Amino acid sequence: MLPAPTPDALAHSQRVAAHLRTLIDAAGGWLPFSRYMEAALYAPGLGYYAAGAMKFGAAGDFVTAPELTPLFGRTLAHALAPVLAETGGEVLELGAGSGRLAADLLGELERLDALPACYSILEVSADLRQRQQENIARKLPQLVDRVLWLDALPAHFSGVILGNEVLDALPAELVHWTDNGPLSRGVIVEGEAFAWQDRPIADPVLRARADALDLAPGYVSEINLAADALIGSLAQVLDRGLILLIDYGFVAAEYYHPQRHMGTLRAHYRHHALDEPFYLPGLCDLTAHVDFSAVARAATAAGLELAGYASQAGFLLNSGLTELLMQTPPSDAAAYLPQANAVQRLVSPAEMGELFKVIGFGKGGIAPLAEFARGDRRHSL
């Protein structure tokens with residue numbers, strides 16, 4: 001049974017629903033799902049990421065890798081330090097969540113004497129930006145002057161662009177393949193509730209992508225044009241360095257497998273994954289898994305070079321996760337066991353180890369990352 005929202009939370013969701021109904025009405029009674037998702041997540045003062053509810057950790061709706069253990073951010077620091085040294089660059093984190101990853105990464109870079117001159121965070125949520133500022137100031141008061149918050153991508157950037165669980169939160173298009181070809185799935189209002197309605201695809205880019213997939217009638221899934229656009233924008237601003245993206249998803253052959261005929265769209269509410277994306281709008285996170293084959297195509301089309309693709313488990317283990325864990329003596333059970341359990345969740349195939357992937361793109365001839373070059377070669381695009 002799902003936890004009941006508080007009266008204040010329920011009232012907030014009702015305001016979000018009213019806003020969504022207004023958008024649908026203004027659009028002529030039908031809204032592409034991507035626009036519904038964008039408003040439900042990012043509408044100023046209303047959307048899931050734009051309002052003040054707790055999202056991360058045990059008290060929120062989901063737990064991300066940085067919330068599990070500081071070893072995640074510390075391990076990434078060891079992988080990224082050589083790139084920062086080679087490029088003389090900075091770090092730009094996209095959508096920094098609670099700020100935990102930034103704090104852990106910066107703390108380890110300081111220990112490695114590899115601090116960037118600036119750690120920029122691009123954050124669209126004013127609420128999350130405030131939490132990030134508070135967390136970083138509390139954990140790393142000596143480094144707070146190195147952290148800068150941005151409202152938009154810089155015109156030029158060298159160094160590392162980092163995104164952990166960013167792509168899955170981008171508004172995705174929903175497509176329903178039928179006997180008469182693919183249709184765009186959108187949202188209408190029935191009474192006070194939201195419902196699905198399919199219409200012909202108007203966007204020629206979306207239509208071409210849907211036709212190319214050539215899926216069986218009855219198949220419903222996502223195509224994320226927003227991810228293509230983001231990758232293109234990142235490629236344009238990156239002068240030299242590395243883009244590293246960590247998220248859950250599959251290559252195209254797995255993403256559009258016949259057994260996954262209902263797609264990957266999910267709502268997340270208080271640690272429950274729901275198939276109903278209209279449940280309590282504004283209180284639920286909406287996500288879709290990442291098609292890493294499409295991400296790689298968008299990147300290479302934008303002039304980036306594929307630096308590597310690996311499971312999260314493989315990348316973290318190659319980056320020294322186990323060695324960092326062993327800095328805590330196993331004899332100190334109270335300190336060691338929670339970290340060991342968190343590491344198990346990060347690398348176990350039954351948890352995050354295989355579902356989450358790491359993909360990297362380079363520009364400017366940076367040296368290959370050893371973390372992609374060693375170990376398991378099963379993961380290919």
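The following legends accompany close-up views of a predicted model.

**View 1. The largest pocket and its lining.**
The largest pocket of the predicted model has a volume of about 1,100 Å³. Of the 50 residues that line this pocket, Tyr49, Glu165, Val166, Asp168 and Ala169 are the closest to its centre. At least two lining residues each come from the helices α3 (65-68) and α5 (100-111), and likewise from the strands β2 (90-94), β11 (266-269), β12 (272-274) and β13 (285-287). The greatest contribution is that of α3, which supplies 3 residues. Sorted by class, the lining of the largest pocket comprises 25 nonpolar, 13 polar and 12 charged residues.

**View 2. The second largest pocket.**
A volume of about 190 Å³ is found for the second largest pocket. Its lining is formed by Leu174, Arg185, Trp196, Val220, Glu222, Met262, Leu265, Arg266, Asp275 and Pro277. Of these lining residues, 6 are nonpolar and 4 are charged, while no polar residue takes part.

**View 3. Strand β6 and its two partners.**
Strand β6 (residues 173-178) is mostly covered, with 5 of its 6 residues buried. Strand β9 (residues 220-223) runs antiparallel to β6 and is joined to it by 4 bridges, and within this pairing Glu173 has Ile223 of β9 as its bridge partner. Strand β7 (residues 181-190) is also antiparallel to β6, again with 4 bridges between the two strands, and here Trp177 is the bridge partner of Pro182 in β7. The strands β6 and β7 form a hairpin in which 2 residues lie between them.

**View 4. The open sheet of β12, β11 and β13.**
Three strands make up an open sheet in the order β12-β11-β13, and their pairing is antiparallel. Because β12 and β13 stand at the edges and each has a single partner strand, one side of each is left without a neighbour in the sheet. Neighbouring strands of this sheet are turned against each other by 30 degrees on average, with direction ignored. Between β11 and β12, which run antiparallel, there are 3 bridges, and the bridge partner of Tyr269 in β12 is His272.

**View 5. The aromatic pair of Trp196 and Phe278.**
Among the 15 aromatic pairs found in a search of the whole structure, Trp196 and Phe278 form a tilted one, with 4.7 Å from centre to centre and 45 degrees between the planes. Trp196 belongs to strand β8 (residues 193-200) and Phe278 to the loop between β12 and β13, so the pair ties together parts that are 82 residues apart in sequence. Trp196, at 33% relative accessibility, counts as partly exposed, whereas Phe278 has a relative accessible area of 12% and is buried.

**View 6. The aromatic pair of Phe315 and Phe372.**
With Phe315 in helix α11 (residues 312-318) and Phe372 in helix α14 (residues 370-373), the pair ties together parts that are 57 residues apart in sequence. The ring centres of Phe315 and Phe372 are 5.0 Å apart and their planes stand at 55 degrees, so the pair is tilted. Phe315 is buried, with a relative accessible area of 0%, and Phe372, at 5% relative accessibility, counts as buried as well.

Note on methods. Residues numbered from 1 in each chain as written. Predicted model: local features only at pLDDT ≥ 70, side-chain atom pairs only at ≥ 80, totals over all residues. Heavy atoms only, no water. 1 Å grid on protein atoms, 1.4 Å probe; cavity = no way out; pocket = protein on both sides within 12 Å on 5 of 7 lines; lining within 4 Å. Points joined across faces, edges and corners; volume = space filled by probe spheres on them. Nonpolar A, V, L, I, M, F, W, Y, C, P; charged D, E, K, R; others polar. Buried < 20%, exposed > 50% of the residue type's maximum accessible area, 1.4 Å probe, protein only. Pairing = 2+ DSSP bridges. Axes fitted to C-alpha atoms, helices over the stretch in contact; angles between N-to-C directions. Phe/Tyr/Trp six-rings, centres within 6.5 Å; stacked < 30°, edge-to-face > 60°.
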